[in-house]
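Hello,

Here is the structure I promised to pass on. Have a look at it first, and my notes on its charged side chains follow below.

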Amino acid sequence: MTDEVLDEGPGGSEPETSDSLKALGEVVKAFRRRAGLTQEAFAPLVGYSVPTVASIEQGRRLPPVAFVERAEEVLDAFGTIRGAAKHVARKPGLAKWFRQWAKLEQQAATLYTYENRLVPGLLQTPAYAKTLFDEQIPALGDDEIEALLAARIERMKLLTDRPHTIYSFIIDEHVLSRRTGGPEVMREQASHILDTCTRRNIDIQIMPHSRGHHAGLNGPLCLLETPENRWFAYCEGQETGQFIPDPKVVSILQKRYARMRAQALSFEESASLLREMRGAP
């Protein structure tokens, strides 16, 4: 998804630092210190990693709702953290059409992604992502590219920070055979995907060239299940994105995704093809 275009790829990000994010981070930090807790002691109490806590306190990461609620409880913050979180604003850097989805994504119980254009943002290597930003039209400045790359890398932590979320990715084979950034970048990208799919909560499948017709020909597709078991969908095109809450439409897209999972290569076959694309280890 091209969800990090300056507002101002597949991709995604946390928002760039804003005054309200920084303020929220300072509030969390102040109450943590008031409680006599280091980041290392505080992190397990709220169920997040130390790097995640640090990113939130530095105003570089939008805190998930679960973090806000847990921090409020653990730190006995008199509703201050919860109140500050309601007023968080984002600076340009996260495309406006993607923001609602990005917020839900941080709480997702299940996240399904089909891509036929680019490697999904959550699976991109820094080198692959930088190639996309370097080649963007209109051209971006060095500072913009640096900010977007940092945001992309931060968002990818969802895969490690949320081990209980079920992730499924289906990627068209031509996305991986296209030499985006050159052979070395794509070898590294294939290796990274292979490493990622060893996680027990992450399934990655490839839709092969040989599948002449499949259920995803209408374009990229994302599906998400919230902790309350509500399902939403998201579809994106150039300079636009569509958040889909309508249960009837979501149901149709769920059926298409289910068919794609049956039509794509199995997990084992996909891993074998990735190893072939990567070449010698």
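A salt bridge here is a side-chain nitrogen of Lys or Arg within 4 Å of a carboxyl oxygen of Asp or Glu. By this rule the count comes to 10 salt bridges. Please keep in mind that this is a predicted model, where local features need pLDDT of at least 70 and side-chain atom pairs count only at pLDDT 80 or more, while totals for chains, interfaces and linings use all residues. Residues are numbered from 1 along each chain as its sequence is written, and side-chain values use heavy atoms, with hydrogens and water left out.

One of the salt bridges joins Arg32 to Glu57, with the closest N and O atoms 2.6 Å apart. This pair links distant parts of the chain, 25 residues apart: Arg32 belongs to helix α1 and Glu57 to helix α3 (helices are DSSP runs of H or I, at least four residues, and strands are runs of E, at least two, numbered from the N terminus). Both Arg32 and Glu57 are buried (buried means under 20% relative accessible area, exposed over 50%, partly exposed in between, with a 1.4 Å probe and protein chains only).

Arg187 and Glu184 also meet in a salt bridge, at 2.2 Å from N to O. They sit 3 residues apart in helix α11, about one turn of the helix. Glu184 is exposed because its relative accessible area is 55%, whereas Arg187, at 32%, is partly exposed.

Then there is Asp172, in strand β2. Asp172 is buried yet has no salt bridge, and Arg178, the nearest side chain of opposite charge, is 8.5 Å away (Lys and Arg count as positive and Asp and Glu as negative; His and the chain ends are not counted).

Best wishes
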